[in-house]
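Please examine the sequence and the structure shown below.

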Amino acid sequence: MFVVMGAAGHVGSAVVRTLIERGQRVTVVTHDDAPSGPDRARWRDQGIEVAVADVNDPASLRRAFDRGRRAFLLNPPADTTTDTDRVERAGVAGILAALKGADLEKVVAESTAGAEPGERIGDASVLWELEQGLNALPIPAAINRAPFYMSNWDELLEPAGRTGKLPTMLPADLKLPMAAPDDLGRIAADRLMSGLDDVGVRYVEGPARYSPADVAAAFARVLGKPVEVEVTPREGWRAAYRATGFSEPAADAYARMTEAAVDRGFDHMTDPIRGDITLDAYLASRAQRGA
């Protein structure tokens, strides 16, 4: 039995789908105890078991982990109207507390390519704490340091069709490692099912790197109309996050995380596991489904 966190999201759902296609038994972890809903119905129809647990209640999460032999770990993203660093660090602490003494033979954790020690730099520092905590436990841990999710562009597809603009805080020509959630989920499932010698940190990328200018060109091909990049200057990053509803501490953390990615680059990503889905293929599939 495999236990999967984040099964209602992009990557977690891909992990579940891949495992089910391979004939594996799966328990998904959800914090929602409502017995109905589209996710519950879909899982039930596929014979997937459901465990109700919450990262802020380690005892409940431990009970969920105890239902399987291997687990996929994904720290839930915080609502951006909150202090995201505080909420997400609490989530990491809850996951690690739940794993202490858990009878699991292996875990696979979704981390970020930018993981590094520090304070209040968003996922970069939060997921570094998760990695360090896993390394201190006796359970063998495979850590996938994921790149920029192609799904991060989803919400911009429709407005780009209306305005012809692709807003970004990144330099238009900065080549970014990117991957589609389906690739990230498949790769995580691969490592869940692999031997106990397949542990430690691995970087994950898609088949190529893309700049915001490349994304705009891909948008244009999908939409059938010109799309141009609109870059927000560095001094406007925090205000731009605030304008979209981020709390002040969340805007500061995300701006610091963006700054780290732009200034430090991606040369440290060595020997990545590569996915197959190109940006054009991903965006075309999103456009067909209405993004």
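In this predicted model, helix H11 supplies four residues to the lining of the second largest pocket, which is the largest share. H11 covers residues 279-288, and the elements that give two or more residues to this lining are H1, H7 and H11. The pocket holds about 200 Å³ of space. Its lining is made up of His10, Ser13, Arg17, Ala180, Pro181, Asp182, Ile277, Ala281, Tyr282, Ser285, Arg286 and Arg289. By class, the lining has five nonpolar, three polar and four charged residues.

How, in general, can such empty space be found? A probe the size of a water molecule is rolled over the atoms, and this shows where space is left empty.

Helix H1, residues 10-21, and helix H7, residues 181-193, have axes 7 Å apart and meet at an angle of about 55°. On the side of H1, the residues in contact are His10, Val11, Ala14, Val15, Arg17, Thr18 and Leu19. They meet Pro181, Asp182, Leu184, Gly185, Arg186, Ala188, Ala189, Leu192 and Met193 in H7. This contact comprises 10 nonpolar, three polar and three charged residues.

The next contact returns to H11. Which helix does H11 cross at roughly 45°? The partner is helix H8, residues 212-223, and the two axes come within 10 Å. H8 and H11 are therefore oblique to each other, and they cross in a right-handed manner. From H8, the residues Asp214, Val215, Ala218, Phe219, Arg221 and Val222 take part, and they meet Leu279, Asp280, Leu283, Ala284 and Ala287 in H11. The residues of this contact divide into eight nonpolar and three charged, with no polar residue.

Notes: Residues numbered from 1 in each chain as written. Predicted model: local features only at pLDDT ≥ 70, side-chain atom pairs only at ≥ 80, totals over all residues. Heavy atoms only, no water. Axes fitted to C-alpha atoms, helices over the stretch in contact; angles between N-to-C directions. Contact = heavy atoms within 4.5 Å. Nonpolar A, V, L, I, M, F, W, Y, C, P; charged D, E, K, R; others polar. 1 Å grid on protein atoms, 1.4 Å probe; cavity = no way out; pocket = protein on both sides within 12 Å on 5 of 7 lines; lining within 4 Å. Points joined across faces, edges and corners; volume = space filled by probe spheres on them. Parallel < 35°, antiparallel > 145°, perpendicular 65-115°, else oblique. Left-handed = near helix turned anticlockwise from the far one by under 90°.
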